[in-house]
Amino acid sequence: MSLMLACADEVFERHRSLIDALSDKVFRIGREPGDATRTKLVNNLLAGINLVGAAEALALAGTWGWTLPGRWL
């Protein structure tokens with residue numbers, strides 16, 4: 001699990017043992033409340049856009065009769 005955190009340095013250091021216990025992938029996004037939340041929202045939006053693009057590409061390939069190894073579109 002990855003963590004995106006936004007907090008003051010002193011808060012981060014005070015809770016570092018808990019943060020390290022939760023994840024070894026910690027991303028310090030900023031210091032203001034909401035910075036990490038906004039970053040996660042943008043990241044999820046981009047992931048969704050990529051998923052839709054891949055689905056559309058597979059659907060188009062299926063209309064052309066293309067298949068994936070071992071599967072029919």
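Biologist: What should I know before we start?

Modeller: This is a predicted model, where local features need pLDDT of at least 70, side-chain atom pairs count only at pLDDT 80 or more, and totals for chains, interfaces and linings use all residues. Residues are numbered from 1 along each chain as its sequence is written, and side-chain values use heavy atoms, with hydrogens and water left out.

Biologist: Where do Arg31 and Asp9 sit?

Modeller: They form one of those bridges, at 3.1 Å from N to O. Arg31 is in the loop between β2 and α3, while Asp9 is in helix α1 (residues 9-14), so this pair links distant parts of the chain, 22 residues apart. By the way, helices (H or I, at least four residues) and strands (E, at least two) are DSSP runs, numbered from the N terminus.

Biologist: What about Asp35 and Arg38, how far apart are they in helix α3?

Modeller: Asp35 and Arg38 are three residues apart in helix α3, so about one helical turn separates them. Their side chains meet in a salt bridge of 2.7 Å, N to O. Asp35 is buried because its relative accessible area is 18%, whereas Arg38 is partly exposed at 48%. Elsewhere, salt bridges that share partners join Asp9, Arg28 and Arg31 into one network.

Biologist: Which residue does Arg16 bridge to?

Modeller: Arg16 pairs with Asp20, and their closest N and O atoms are 3.7 Å apart. Those two are four residues apart in helix α2 (residues 16-22), so again they are separated by about one helical turn. Arg16 is partly exposed at 35%, and Asp20 is also partly exposed, at 44%.

Biologist: New topic. Which ring does Arg28 lie over?

Modeller: Arg28 lies over the face of Phe12, at 4.2 Å from the ring centre. To count, NZ of Lys or CZ of Arg has to be within 6 Å of the ring centre and within 35 degrees of the ring normal.

Biologist: How many aromatic pairs are there?

Modeller: There is one aromatic pair in the structure. Trp64 and Trp66 make an edge-to-face pair, 5.1 Å centre to centre with 65° between the planes. Rings of Phe, Tyr and Trp (its six-membered ring) pair if their centres lie within 6.5 Å; planes under 30 degrees apart count as stacked, over 60 as edge-to-face and the rest as tilted.

Biologist: Are Trp64 and Trp66 buried or exposed?

Modeller: Trp64 counts as exposed because its relative accessible area is 53%, and Trp66 is exposed too, at 52%.

Biologist: What's Phe27 in contact with?

Modeller: Leaving aside its neighbours within four places in sequence, Phe27 is in contact with Ser2, Leu3, Met4 and Leu5. Contact means heavy atoms within 4.5 Å. Phe27 is in strand β2 (residues 25-30), and it is partly exposed at 44%. The C-alpha atoms of Phe27 and Ser2 are 7.6 Å apart, although 25 residues separate the two along the chain.

Biologist: And Ala36, buried or exposed?

Modeller: Ala36 is buried, with a relative accessible area of 11%. It lies in helix α3, and beyond its neighbours within four places in sequence it is in contact with Met4, Leu5, Ala6 and Ile29.

Biologist: Last one: which residues make the nonpolar surface patch?

Modeller: Val42, Leu45, Leu46 and Ile49 make that patch, which covers about 390 Å². Patches are made of residues with over 30% relative accessible area and no salt bridge: like charges are joined within 9 Å, nonpolar side chains (Val, Leu, Ile, Met, Phe, Trp, Tyr) within 5 Å. Accessible areas come from the Shrake-Rupley method with a 1.4 Å probe, and for residues only the protein chains shown count as cover. Leu45 is in helix α3 (residues 35-63), and Leu45 is exposed at 54%.

How values were computed
A salt bridge is a side-chain nitrogen of Lys or Arg within 4 Å of a carboxyl oxygen of Asp or Glu. Buried means under 20% relative accessible area, exposed over 50%, partly exposed in between (1.4 Å probe, protein chains only).
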